[in-house]
Amino acid sequence: MPIATPQADQPTSSLTAKEVSYDTVDGKWVTYRAGGKPGRRAIRQPGEPGWVDTFDRIPIIDFANVDHPDIEVRKRLAQELADAAENCGFWYAANTPVSKEFAEQTFAALEEFFALPLGEKRKCSWVLTPGCRGYESFEEVAENEGNKSDSTLRESFVMGDDLTDPVQWQGAVPEGVKTQNIWPAALPRYKQALDDYYSKLLPFARSILHLFALALGLDETALDNVHKFPMCALRALHYPPQEPDESSPGFLAHADFSSFTMVLQGEKYGSGLEVLNLNGHWVPAPAIAGTTFTCNVGDYLQHLSDGRFKSTVHRVVNRSGLERYSLPFFYSPDPSAVLKPVVDPSKGRQTEVTEFEDAPIGEMFVRRLLAGVEIFIPDRLAAIDTDVECIHTWPPSHNDDCLEVDAFVKDVNTSLALSS
Ligand SMILES: O=C(O)CCC(=O)C(=O)O
Ligand SMILES: [Fe+2]
């Protein structure tokens, strides 16, 4: 696999004394959440039994030709993407539709939002929305992740697909469809900035989806039928520099439940995104020169590709001493989609049957979002408007006694009807 080096002198990952204090058990295992469940991976050193050949840097892919008129050119790019998705699960995307100026403008809006007084930010709290959109404070993050210290590790704001917003959908709003997003009344230009960014990313994401279809040896529109009105979200994130004695990461080790994710990082901000390789080592994925996205495969595409493309575990630890802002864009299938893997007939099915094949994925999406929430949230339950009694999902297993979120985004048939 051709691996480009993001920084000439980027060291291969090796565990330092500090690193082993995050997400590990006795320095022998890395723990994480993936697929809505806890998992762990052995940490191995070179020469030890079980040491395997795995990535130690993130490849860079140039997307200037993503919409090239010649299909052969697009197929070559698809092959490059497939190599990265298969061997690493992460890649840097260079030459995206986002210019330096546009990225700076977007980050300026994030900085302005997070600088608002807490009272203003709380007015657009995530607990007031049906799908976990809106603002999550430092305190809520610490509480939801079971971190009892007064840490200010991360605050965030989520917006995403919303059929009731005329910026996204100009047609009639079907009955029963609820408003998803919530915005800070004190800062109207924040909505404008995130809407602009979201609108810019959507068509680019569709082009990437086409490359993945080509990479699977399919017609390039073959995955479109499960991404018609896709569940998408932008998560604006702010990580202050971590205290040196802080024992939790800014973002716990996890795999994304998206088809794929594209993260905008800013060069002037602190780095801290790290990617777990097969030997249990954290490979740094800092912002690199120019405007690139740091991208990864999520659980849905891993499933669709029958395990060929890897939904790789990652985390954020901001040891840079600088404020860090980042902006992931999550691109996921339709809530109505029931996902069947694309199987190579000569090999047959490689992976286990999962819950993605049992029911439309929208039905479990909010449960997954809440998979890290370890507390009861009465306000949130009131907002969800269902008859559930508790949200207590990880650990233990999230499937047994938790909530049925009734059509959390929209009627599962809506997206198909609207976009066909
Ligand atoms: O802040 C980042 O760079 C990544 C955040 C992330 O992994 C996520 O939001 O899923
Ligand atoms: Fe993530």
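**Notes on the predicted model**

1. The ring centres of Phe212 and Phe260 are 5.7 Å apart and their planes meet at 40°, so the pair counts as tilted. Phe212 belongs to helix H5 (residues 188-215) and Phe260 to strand E10 (residues 260-265), so this contact ties together parts that are 48 residues apart in sequence.

2. A second pair is Phe329 with Tyr331. Here the centres are 6.5 Å apart and the planes are at 25°, which is under the 30 degrees used as the limit, so the pair is stacked. Phe329 is buried, as is Tyr331.

3. One aromatic cluster is formed by Phe107, Phe113, Phe114, Tyr135, Phe157, Trp183, Tyr190, Tyr269 and Tyr325.

4. Two arginines are worth a look if you care about charges over rings. Arg40 lies over the face of Trp29, 3.5 Å from the ring centre. The charged end of Arg154 sits over the ring of Phe251, at 3.9 Å from its centre.

5. Now to strand E10 and its sheet. Eight strands make up an open sheet with mixed pairing, in the order E4-E5-E13-E10-E15-E8-E7-E6. Strand E4 (60-62) and strand E6 (134-136) are at the edges with a single partner strand each, so one side of each has no neighbour in the sheet. From one strand to the next, the twist averages 25°.

6. Within that sheet, E10 pairs with strand E13 (residues 293-297) in the antiparallel sense, over five bridges. Thr261 stands opposite Asn296 in E13.

7. Which residues coordinate the iron ion (ligand 2)? They are His254 (NE2), Asp256 (OD) and His314 (NE2), at 2.1 Å. Along the sequence, these donor residues follow the spacing H-x1-D-x57-H. Both His254 and Asp256 are buried. Since water is not among the atoms, the site may look incomplete.

8. Finally, the annotation. An unreviewed UniProt entry places the feature "domain: Fe2OG dioxygenase" at residues 228-333. Over residues 228-333, the chain is 6% helix and 41% strand, and the end C-alpha atoms are 8 Å apart.

Conventions
Residues are numbered from 1 along each chain as its sequence is written. Chains are lettered from A and ligands numbered from 1 in the order in which they are written. This is a predicted model: local features need pLDDT of at least 70, side-chain atom pairs count only at pLDDT 80 or more; totals for chains, interfaces and linings use all residues. Side-chain values use heavy atoms; hydrogens and water are left out. UniProt positions are given in the numbering used here, feature names are shortened, and annotations may be inferred rather than shown by experiment. Helices (H or I, at least four residues) and strands (E, at least two) are DSSP runs, numbered from the N terminus. Donors are N, O and S atoms within 2.8 Å of the metal (3.2 Å for Na, K and Ca); water is not among the atoms, so sites may look incomplete. Buried means under 20% relative accessible area, exposed over 50%, partly exposed in between (1.4 Å probe, protein chains only). Rings of Phe, Tyr and Trp (its six-membered ring) pair if their centres lie within 6.5 Å; planes under 30 degrees apart count as stacked, over 60 as edge-to-face and the rest as tilted. A charge sits over a ring if NZ of Lys or CZ of Arg is within 6 Å of the ring centre and within 35 degrees of the ring normal. Two strands pair if DSSP finds at least two bridges between them. Axes are lines fitted to C-alpha atoms, for helices over the stretch in contact, and angles run from 0 to 180 degrees between N-to-C directions.
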